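Work through the exercises below with the sequence and the coordinates side by side, and try each task before reading its solution.

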Amino acid sequence: MKVTEIVTQFAKPVVEAHGCQLWDVEYVREGSERFLRLYLDKEGGVDINDCEAISRAIDPILDEKKFPASSVAMKTAASPWKPVRKPLHLKNRSWLWCGSG
């Protein structure tokens, strides 16, 4: 099972419990580092407080699942770009991405 599939399984209920939708999960290599990114969506828009709350809720799960600390770190950032990979992504909504990198 891919890292993105594993993360989606445990992150989706956490994200939904915070009133958001898990838009996408990326686990990518950039140079010598790997970054985990959770893309969130929410009616009315995702704000930095949503990202912080979800990050704090997911961090202990990442630790429990023994993801290498050097390859997974949760941060928050705003971005004007979002991936379009699934039919559900064609809906027009406001969003932020939460991830490292």
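**Exercise 1.** How many residues has helix α2, and what distance does α2 reach from its first C-alpha to its last?

*Solution.* This is a predicted model, in which local features need pLDDT of at least 70, side-chain atom pairs count only at pLDDT 80 or more, and totals for chains, interfaces and linings use all residues. Residues are numbered from 1 along each chain as its sequence is written, and side-chain values use heavy atoms, with hydrogens and water left out. Helix α2, a DSSP run of H or I with at least four residues, covers residues 48-64, has 17 residues and reaches 25 Å, close to the 24 Å expected at 1.5 Å a residue.

**Exercise 2.** Where does α2 bend, and which proline follows?

*Solution.* Taking the bend as the angle between axes fitted to the seven residues ending at a position and the seven starting there, α2 bends by about 25° at Ile58, and Pro60 follows within four residues.

**Exercise 3.** Which residues of α2 are buried?

*Solution.* With buried meaning under 20% relative accessible area (1.4 Å probe, protein chains only), the buried residues of α2 are Asp50, Cys51, Ile54, Ser55, Ile58, Ile61 and Leu62. In general, an α-helix has 3.6 residues a turn, so residues three or four places apart point the same way.

**Exercise 4.** Where does Gly45 lie, and is Gly45 buried or exposed?

*Solution.* Gly45 lies in the loop between β2 and α2. Its relative accessible area is 14%, so Gly45 is buried. The C-alpha atoms of Gly45 and Cys20 are separated by 9.0 Å, although these residues are 25 residues apart along the chain.

Methods:
Helix = DSSP H or I, 4+ residues; strand = E, 2+ residues; numbered from the N terminus. Expected span 1.5 Å × (residues − 1). Buried < 20%, exposed > 50% of the residue type's maximum accessible area, 1.4 Å probe, protein only.
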